[in-house]
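Dear colleague,

Please find the structure below, together with its sequence. A summary of the findings follows it.

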Amino acid sequence: MNKTAIITGVTGQDGSYLSDLLIDKGYTVIGTYRRSVSDFSNKTQNVSHLLDNRNFILEEADVTDSASLYRLVHEYQPDEYYNLAAQSHVGTSFKTPVSTTEINLMGCLYALEAIRLQKPACKFYQASTSEMFGDNTRCPQGIDTTFSPVSPYACAKLAAHHMVGTYRKSYGIFASSGILFNHESPRRGENFVTRKITKAAARINLGLQKELRLGNLSAQRDWGHAADFVRGMWMMLQHEKADDFVLATGRTNSVQKFLEYVFAFAGLEIKDHVIIDPKFYRPCEVPKLWGNPDKAIIELGWSPECDFEELAFEMYEEDLRREKEKLNKTDNPDV
Ligand code: NAP
Ligand code: GDD
């Protein structure tokens, strides 16, 4: 029998790649989205290619509404549940600390309770994060590195991470956490730094924008491709036992380096367009993330395929293509 998986946050970057992967493997995917006033096609653009697929079912739910999660688990009796929904922007979490905590912590707890009470055999994946290492710059950061969160986002994620371990130990639920380092793609939200840079470079190249305002360029991140990382999520739930794993590429680069790569592809000079704007600095910064994925490589057989340079190039090329397409539509409104 084909498996059924619930994915919360399916309209986000990871939810959409994970849906592609699971549907390819014959799963039925129940993907949740949140109602908003923005138009539906905009909201669902990352999964627009799946909307007519009969193995992909979109359900309205909010992870801070426990009843909506209970209803879904009751109705679909899933084999796997991927808790990807989050207020995922670290900078924003300083401005909305309470709702960030409700979504990122309580959304996890409500799901665990729904599973415990209604389908204890359902396997659970929690989207934990390298942000939990915070200002502990002992590198590379691996499964035994001490957590030291420095944002409301990371504090809520760390509490959820411990909740997952607690439900695993207390109730024997197959609940695993993936501590994932940054992963990006052309489906990345536009206010994360990589996508902000690739989109701006494409628009500057086409004469649609003049400047790009950024914050701290010296921060270092271990950047991989989202398609590789969702494969790791799935592998965690196929493993013989529930556990925690780190997924990372094992390489780190600065924001400055990412900017240099992309501007070189675009044939642009950084000094002509980039302005440092204090507005984009955070009250507390995570200076350096560099992961050690050895446990996932050895125990799961996972490894990332896309490297930093390919990732930056793919994102820039796709933004350039999209911006050109928009321009063509404006020039030829009847096409
Ligand atoms: P994303 O693109 O920001 O997607 C997050 C999704 O969660 C969106 O679909 C969002 O929908 C939804 N959501 C937010 N609040 C919700 C609520 N109250 N109820 C239901 N859905 C809600 O994030 P991502 O990059 O795909 O990341 C997926 C998960 O992995 C997140 O939990 C993130 O914190 C974690 N993570 C990401 C990375 C990374 O580098 N990408 C690394 C480590 C961990 P709306 O459009 O309605 O807001
Ligand atoms: N967003 C943003 N915008 N970040 C900027 C900017 C800017 O204009 N200028 C500099 N930065 C710096 C940030 O201060 C940070 O050090 C770095 O660029 C990366 O920022 P983001 O792309 O917003 O990602 P993040 O590392 O804070 O968080 C992402 O990765 C985490 C895993 O480590 C998110 O995906 C989180 O959800 C995820 O948990």
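This is a predicted model: local features need pLDDT of at least 70, side-chain atom pairs count only at pLDDT 80 or more; totals for chains, interfaces and linings use all residues.

The model holds 25 salt bridges. In one of them, glutamate 184 pairs with arginine 188, with 2.7 Å between the closest N and O atoms. Glutamate 184 is buried, at a relative accessible area of 1%, and arginine 188 is buried too, at 14%.

Another salt bridge joins arginine 231 to glutamate 305 at 4.0 Å, N to O. Because arginine 231 belongs to helix α8 and glutamate 305 to the loop between α11 and α12, this pair ties together parts 74 residues apart in sequence. Glutamate 305 is exposed, at 65% relative accessibility. A network of salt bridges with shared partners links Glu190, Arg195, Lys199 and Asp319.

Helix α1 spans residues 13-24 and reaches 17 Å between its first and last C-alpha, close to the expected 16 Å. Of its 12 residues, 10 are buried, including Leu18 and Leu22. Glycine 26, which follows α1, has a positive phi near 95 degrees.

Leu18 and Leu22 are also among the residues with the most contacts inside the largest nonpolar core, which has 33 residues. Helix α8 supplies the largest share of this core, eight residues. Leucine 84 touches residues including Ile7, Leu18, Tyr125 and Met233. A second, separate core of 26 residues includes Leu69 and Phe124.

With kind regards

Note on methods: Residues are numbered from 1 along each chain as its sequence is written. Chains are lettered from A and ligands numbered from 1 in the order in which they are written. Side-chain values use heavy atoms; hydrogens and water are left out. Helices (H or I, at least four residues) and strands (E, at least two) are DSSP runs, numbered from the N terminus. The expected span of a helix is 1.5 Å times one less than its number of residues. Buried means under 20% relative accessible area, exposed over 50%, partly exposed in between (1.4 Å probe, protein chains only). A nonpolar core is a set of buried Ala, Val, Leu, Ile, Met, Phe, Trp, Tyr and Cys residues joined through side-chain atoms within 4.5 Å. Contact means heavy atoms within 4.5 Å. A salt bridge is a side-chain nitrogen of Lys or Arg within 4 Å of a carboxyl oxygen of Asp or Glu. Lists of a residue's contacts leave out its neighbours within four places in sequence.
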